[in-house]
Amino acid sequence: AGFILLTHRAKLWQVVLVCGAVLGVAFAFLTPPLVGPDEYTHLAKCYRQSSTLLGQPVADDDDMLLVRSCDAPYFKNHTGDIGIYAYKEMLEHLGDAGCSGETTVSSDTYVTADPINNTLYLGQIAGITLARMMGLGFHGMLLLGRLCNLALYLALAAAAVNIAPQRLRGIFAGVALLAQPLQLAGSLSADAAVLGYLFCFTALCLTLRTRPARWPETVAAVVLAALIGPAKAIYLPAVLLIFMIPDANLALPGKRWPVGPIAKVLALVLAAGTVACGAKQAEGNEDTDKEPQTAEEAAALYEQLMAQENAIQAENTELWEKVFLSADKGTAMMEDGKNYGEFLLSTIEAAKEQFTDEEYNLLKEKATEIKNIEDRLAALEEKFPSLSGTPAEDGSMSVPAGSDMSTPPDDG
């Protein structure tokens, strides 16, 4: 496609847009959900911002991220699965629609403070918010977030190619179309925007070495420096590129102010200052993000989670009795490796004809909450084996994660 465009005398930035779109869309479709670099953490950050924009609750009482009921089964706090089954599930659910926009289910992800530089997630937040407004399911939402991230990256990359000195535009185009940047852009990674800003900043600095700047270009150089710095500390030295621009080229016509030195110092101060703020914010979030480190902390969390699970089943007891009565009493309640929430979901699905639509949706939502709680209980038991079978505060016993029960409760 790029060769065809070049033979038709297309501009190099247009080649970047077309070729980058083809390759980036391929990455977006071919990468299984949450398999992109740290994609599960980026999704949680973007989802939180999206909920804020939509006026939806962000976190529960335990600072766990609240999500839509249709998203809850797919939200994870680790990298997603790969392989044929991951692709099959993605293709089967890519067209899901009609999802409720309300965030009612607690996920396994802690809510962290807002990132110091939200512009790194502009594309992802826009795509995820649009998908939620359209009622798309999890996979459609994830794909739209990826595509909007790709669109932002390509817009910045094309702008950088157009800004760069004529003799260097081919280099910028080649770097922008490398596989690694396009893979990042085809995921929810914030690094795509960072690279886009860095391309534009570098191209602008190289151009302003050879000619006087217009005042919007001086402002753009300072703003881009401020955006690059807090993205990652490793990018902070790149801000020093602004010092290659002669002071005379940053001067304002007819003004005697030392605009050049002021702009350079301002860019460095803004970049370094926002990096320091980001480091302080990250340090402040350590306590809320970490998992229990001692047996005492784990036991307290385990007891709290079991109390939550018992409280869920204490509500709507008549509906839960119908669920248990509909289960096949001649077979095991739960298969090996299948948690209690998965058992409930499969039982509710098999008996959906016995419930009204409202009852079915309520039970499915609550069972998904129980599944998420059981997943967290299982993770705690794996790390702290002594927790299995811990009694709750009221002396009752929750169904231990991964336990096996021979028959469902009797109605008598």
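**Exercise 1. The strand pair**

Task: In which sense do strands S1 and S2 pair, and over how many bridges?

Solution: 
- Strand S1 (residues 64-67) and strand S2 (residues 105-110) pair in the antiparallel sense over three bridges. Pairing requires that DSSP finds at least two bridges between two strands. Strands are DSSP runs (E, at least two residues) and helices are DSSP runs (H or I, at least four), numbered from the N terminus.
- Take one position. Leu 66 stands opposite Ser 106 in S2.
- Next, check burial. Five of the six residues of S2 are buried, so the strand is largely enclosed by the rest of the structure. Buried means under 20% relative accessible area, exposed over 50%, and partly exposed in between (1.4 Å probe, protein chains only).

A note on the source: this is a predicted model, in which local features need pLDDT of at least 70, side-chain atom pairs count only at pLDDT 80 or more, and totals for chains, interfaces and linings use all residues. Residues are numbered from 1 along each chain as its sequence is written, and side-chain values use heavy atoms, with hydrogens and water left out.

**Exercise 2. The whole chain**

Task: How many helices and strands does the chain have, and what percentage of its residues is buried?

Solution: 
- The chain has 15 helices and two strands.
- Of its 412 residues, 46% are buried.
- Now look at contacts, meaning heavy atoms within 4.5 Å. Among contacts with a separation of 6 or more, 79% join residues 24 or more positions apart.

**Exercise 3. The nonpolar cores**

Task: Which residues of the largest nonpolar core touch the most other members, and which helix gives the largest share?

Solution: 
- A nonpolar core is a set of buried Ala, Val, Leu, Ile, Met, Phe, Trp, Tyr and Cys residues joined through side-chain atoms within 4.5 Å.
- The largest core has 68 residues, and Leu 43, Leu 65, Phe 138, Tyr 153 and Tyr 197 touch the most other members.
- Helix H9 (residues 191-208) gives the largest share of this core, 13 residues.
- Another core, of 29 residues, lies apart from it; Tyr 110, Leu 301, Ala 327 and Leu 363 are among its members.
- Zoom in on Tyr 153. Beyond four places in sequence, its contacts are Ala 176, Pro 181, Leu 182, Ala 185, Ala 192, Leu 195, Gly 196 and Phe 199.
- In soluble globular proteins, nonpolar side chains tend to be buried together.

**Exercise 4. The cavity**

Task: Which residues line the largest cavity, and what is its volume?

Solution: 
- On a 1 Å grid over the protein atoms alone, a cavity is a set of points where a 1.4 Å probe fits but cannot get out; lining residues have an atom within 4 Å of a point.
- Points are joined across faces, edges and corners, and a volume is the space filled by probe spheres set on them.
- The search finds one cavity of 30 Å³ or more. The volume of the largest cavity is about 50 Å³.
- Its lining is Ala 28, Pro 33, Met 90, Leu 94, His 139, Leu 142, Leu 143 and Arg 146.
- Helix H6 (residues 138-163) supplies the largest share, four residues.

**Exercise 5. Helices H14 and H15**

Task: Which helices do the buried residues of H14 pack against?

Solution: 
- Start with helix H14 (residues 340-350): Tyr 340, Gly 341, Phe 343, Leu 344, Leu 345, Thr 347 and Ile 348 are buried.
- These buried residues pack against helix H12 (295-314), helix H13 (317-326) and helix H15 (357-383).
- Lys 366 is in helix H15. Lys 366 is buried, with a relative accessible area of 17%.
- Not counting residues up to four places away in sequence, Lys 366 touches Ile 312, Glu 315 and Trp 320.

Key
On a 1 Å grid over the protein atoms alone, a cavity is a set of points where a 1.4 Å probe fits but cannot get out, and a pocket is an open set with protein on both sides within 12 Å along at least five of seven lines; lining residues have an atom within 4 Å of a point.
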